[in-house]
Amino acid sequence: MNKKPLTSEQALDDYFGDLLLDAEPQPVSATQPTAFCEPVSTQQLQQLLDQIPTQVDVEPQAVIVINAEPEPEPEPEPEPELEPAVVTWQHLGQQQPFQALFFEVNGMMFAVALTELGAIYQLGELNHIVGRPAWYLGLAPLPQYHVDVVDTARWVMADKLTNNDYRDNYHYMVMLGNSQWGLACDKLHGTQTLMPTDLRWREQAGKRPWLAGMVKQKMCALIHVDALIQMLNKGLDVNSGAS
């Protein structure tokens with residue numbers, strides 16, 4: 001029996017469906033070559049960020065901040081001896097519409113809820129630190145605090161990379177919540193209000209706790225920020241999630 005070939009949308013839907021179910025995804029046939037994007041102009045970037053309903057401040061060194069920057073942390077007070085709390089993975093299946101920012105990394109699209117987004121910075125010179133994982137891009141010495149920048153493509157798709165040329169396309173870093181982790185990315189694709197029906201939610205942590213679900217229309221991964229921060233703090237990559 002002859003089977004009709006899958007469209008690229010169906011293939012990606014199956015691919016992300018396998019990710020959500022923790023099955024080993026089948027390779028997706030590349031119907032289009034990976035396209036790298038030129039950096040957007042300052043005017044285009046301002047128009048894009050104007051869609052985000054939060055105050056935008058422009059700081060020296062072409063730094064663009066979406067939410068308020070983290071204030072310097074006060075000296076921690078001694079805490080009583082307690083049994084360590086068990087951090088559990090929380091299902092993010094929201095029942096209300098929410099806004100998300102979409103960004104591109106090496107031809108792959110990602111989304112993050114604005115409520116879990118710390119800031120967006122233009123990527124500048126980084127300090128390289130010996131002994132960090134291969135996916136650690138470098139340390140960004142900002143005036144207020146230092147940012148640990150993730151080589152997002154290598155973190156997500158190391159097995160698909162043959163060299164480091166893709167790094168030339170990194171222009172921004174997307175900050176994760178109130179942490180000091182930033183994801184290097186190529187291009188920002190603006191914001192969109194998502195309805196609960198727009199997503200396929202992940203029901204449990206599985207092997208990929210960083211994956212909260214899939215935005216069906218755009219065929220892209222919605223990031224579980226808290227889980228991703230925990231993985232980065234532990235030095236884990238995309239293939240090192242909980243079982």
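Two strands are counted as paired when DSSP finds at least two bridges between them. On that basis this predicted model contains an open sheet of six strands, arranged in the order 10-3-4-13-12-11 and with mixed pairing. Strand 10 (187-194) and strand 11 (199-201) stand at the edges of the sheet, and because each has a single partner strand, one side of each is left without a neighbour there. Neighbouring strands of this sheet are turned against each other by 30 degrees on average, with direction ignored.

Within the sheet, strand 3 (residues 98-105) and strand 4 (residues 108-113) pair in the antiparallel sense, over six bridges. Strands of a sheet pair in general through backbone hydrogen bonds, in either the parallel or the antiparallel sense.

## Helix 4 and its packing

Helix 4 spans residues 225-233, and its buried residues are Val225, Ala227, Leu228, Ile229, Met231 and Leu232. These buried residues pack against several elements of the sheet and its surroundings, among them strand 4 and strand 13 (220-223), and also against helix 3 (152-157), strand 7 (146-150), strand 8 (172-176) and strand 9 (181-185). After helix 4 comes Gly235, which has a positive phi, near 80 degrees.

## Ser179 in the loop between strands 8 and 9

Ser179 is placed in the loop between strand 8 and strand 9. Its relative accessibility is 13%, and it therefore counts as buried, the cut-off for that class being under 20%.

The side chain of Ser179 has polar contacts with backbone atoms of two residues. A polar atom of this side chain lies 2.6 Å from the backbone oxygen of Leu176, while the side chain of Ser179 also reaches the backbone nitrogen of Trp181, at 3.2 Å.

Rolling a probe the size of a water molecule over the atoms shows where empty space is left. A search of the whole structure finds three cavities of 30 Å³ or more, and the largest cavity has a volume of about 70 Å³.

The largest cavity is lined by Phe110, Val150, Thr152, Trp155, Val156, Leu183, Trp210, Ile223, Leu228 and Leu232. Helix 3 and helix 4 each supply at least two residues of this lining, and the largest share, three residues, comes from helix 3. Leu228 and Leu232, which belong to the lining, are also among the buried residues of helix 4.

Note on methods:
Residues numbered from 1 in each chain as written. Heavy atoms only, no water. Helix = DSSP H or I, 4+ residues; strand = E, 2+ residues; numbered from the N terminus. Axes fitted to C-alpha atoms, helices over the stretch in contact; angles between N-to-C directions. Buried < 20%, exposed > 50% of the residue type's maximum accessible area, 1.4 Å probe, protein only. Contact = heavy atoms within 4.5 Å. Polar contact = N/O pair within 3.5 Å; in protein donor to acceptor, adjacent residues only side chain to side chain. 1 Å grid on protein atoms, 1.4 Å probe; cavity = no way out; pocket = protein on both sides within 12 Å on 5 of 7 lines; lining within 4 Å. Points joined across faces, edges and corners; volume = space filled by probe spheres on them.
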